[in-house]
Amino acid sequence: MARNKWVQLTILAVIIAAGAFTIGANLSKTPAPKVGETAPNFSLYGLDGAAYELNDFIGHPVVLNFWGSFCEPCVREMPLLQKKYEKYRDQGLVVLGVNLDESTVTINNFIRGMNITFPILLDKNVVRKQYGVYNYPTTFFIDEKGVIRQEIVGEMNEGSLPSHDIEKAIKRLLSG
Amino acid sequence: MLTNTKCECGHQNPVGTVLCEACGLPVQQEVAESDGLLEMRYEGAARRSQKSNPKLLDRIWNFFSSVKVAVYLIIITLLLSILGTLLPQVNVVPSYDPASYYAEEYGKLGELYYSLGLADTFGSWWYKGLVLMIAASLIICSLDRIIPLYKALKKQQPVKHETFLKRQKVLYIGEVADAESWLKEAEEAIRERRYQVTREGTSLLGEKNRFSRWGPYINHVGLIILLAALLTRGLPGWYMEQGFSVNEGQTVSIPGTNYYLKNLKFTEVKEVGPHVSGQELQFAFETDAILYRCVADCNNPFAEPQLEEVLQHKIRPNEPLKYDGYSIYQIDYAFSPQATIMTLNVLRDGQPIGELVLNLTDPAPAYQLGDVSVELTGYYPELTSVDGVPATKSRLPNNPAFILDMTLADGTTEQYFVVPFQQYQTRISGAEDSEPLTFEIGGMEASFYSSYLMVKVERALPYVLAGALIFLFGVVIGLYWQHRRIWVRIDGSRLIVAAHTNKNWYGLRDELAKILDKTGIEIDAKSLDNSGVGKS
């Protein structure tokens, strides 16, 4: 009967492997990252021609902002982002502005007019979908370990609305 | 509990045997003690894995080996599938935030539906788990039954115990004068009806169409192939379904692939059809498309991807573009006229100095017009103003505005702000004393239709079809043929004839009556029915 036992074991093993595979493949399908989860890695070209990869910034707190010049609240919060970038750059803060599929001419003109100096990344709706961003602006605050600590949807401010307070969010990120 | 499974004929049967493997005498106590018809399922053989002392492996095996468990699994899956059809599933919900969509559209019920995970029933891990358990049950149930059944049918002996024969559903008991000559006649008559006959002493076994018994197992094999094929949808690259849109004249990257597609032209095909009113009826719509393969610079925003033409095809409903396992279907279209390329004639003192060809989706930053170099430093696709500053309302070129820096032949620079649709232009900087350049729309290219396409990959399809065909084959041989057996036993002058079939008992009785008729026993087919045995 030893032969039967091996046949049984093999069949059960194949079934369990198939189960683990399909269910595993199912569970690893993450539609959009949530707060507390690791920020999915991506690589994009910047407006400056350099290639940027999110994982290159592990060890730094990152503010990941999705914006477009056609989006008024995005435009309004830009100076604030620039201000915070200048203020906390020395403490290792990285600000990345992911542009929402605009022409380089449009972006360059906008950046020049606003005196933006943090890196602007060019996305053709790939990273936007990866991050499940459907309302603009949306900003992710990612800690040194690459974990999303906070997500702010809508225009950020300083001090007036606590849920959208960029200063508070950055402080939280820097304090670890 | 240990039961004695040794039959009185001397044959040692495995645990779980109902009818002795050799002579057919009931060995299971309850069956032996009753006197009703015998249950002939699996020939009364023991299910393969039944053991007197099961271990963990045996317990798992036995769980899946139970038909009762299989039925429960199927019922549970059925009920969950029904629930999964009550509300639209997430993949067809027109919202990117399904949680709130269900709450808004269907209220409390929708909220509950979503939180229970029923909104994605057929893609969920538990549904796939259930399907897999059904597959396991199919495999194990079949193996545990087909092997003993095969063995039992293979080593059949013509000599059966009287009790076995008397408890069959079709029975004739009578007398014969000369056993030998009657048997000869009977053997001939049975053979004539295409039975295979084995004889041992004064016992006889006739059998035909045994393969019909394999029908259910063949259709199980088909089902297992079908289920396995469906599970491959989880393998990367085996299954994909993605919609995308492409405007006329536009070339887009096909999502999830290394291919690009250009929409040369979209046509609504209108024909006067065989309609009684003779009205113009729309019959089809088609996208004249070119498929490209990207060979380099596929994800580089600073370089145009290098494309290699693969083929050109007119995509119509049910006439997809097929290549490399991908099928691109026409699913919808929209009439949405949009400017794509604008040509501006640049004039100095009424004399043209050249034309600027501006791609309105992604314009190039620099141009050369004779001895004038032009730099496009600003582009607002849909001009608006926010706090007195020019801005864009959207990414669509509904009212494009340009900031143009011109470097003239003599080295002087001028900057212009041009809004062609409004015939507005202003010189922001430059020599005040010279006459400004003028910009006029020289030409426009537009796309009128947006074509909505769907790219599909379904690599498992041939396996699904193979599974379905095997399934049908099993059904056919199980349904249209019957496994019939006739046993004859003569003790002295007493004749017992019993018969068994897996279906169509009427046909079997009729056939047996005809056989007996040939041997000189005239009997009404109905009277061969032994169903009343044991019932008083």
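Where chain A and chain B meet, the contact (heavy atoms within 4.5 Å) takes 36 residues from chain A and 41 residues from chain B. This is a predicted model, where local features need pLDDT of at least 70, side-chain atom pairs count only at pLDDT 80 or more, and totals for chains, interfaces and linings use all residues. Residues are numbered from 1 along each chain as its sequence is written, chains are lettered from A in the order in which they are written, and side-chain values use heavy atoms, leaving out hydrogens and water.

**The interface**

- Together the two chains bury about 3,200 Å², 67% of it on carbon and sulfur atoms; buried area is the accessible area (1.4 Å probe) that two parts lose on being put together, summed over both.
- A:Q8, A:F70 and A:V105 supply 19% of the area that chain A buries against chain B, more than any other three residues.
- Zero salt bridges are counted between chain A and chain B; such a bridge is a side-chain nitrogen of Lys or Arg within 4 Å of a carboxyl oxygen of Asp or Glu.

**The sheet of chain A**

- Seven strands (DSSP E runs of at least two residues) form an open, mixed sheet in the order 2-1-5-4-3-6-7, and two strands pair if DSSP finds at least two bridges between them.
- Its edge strands are strand 2 (51-53) and strand 7 (148-153) of chain A, each pairing on one side only.
- Strand 4 (residues 94-100) and strand 5 (residues 120-123) of chain A run parallel, joined by four bridges.
- Within strand 5 of chain A, A:L122 is the residue opposite A:N99.
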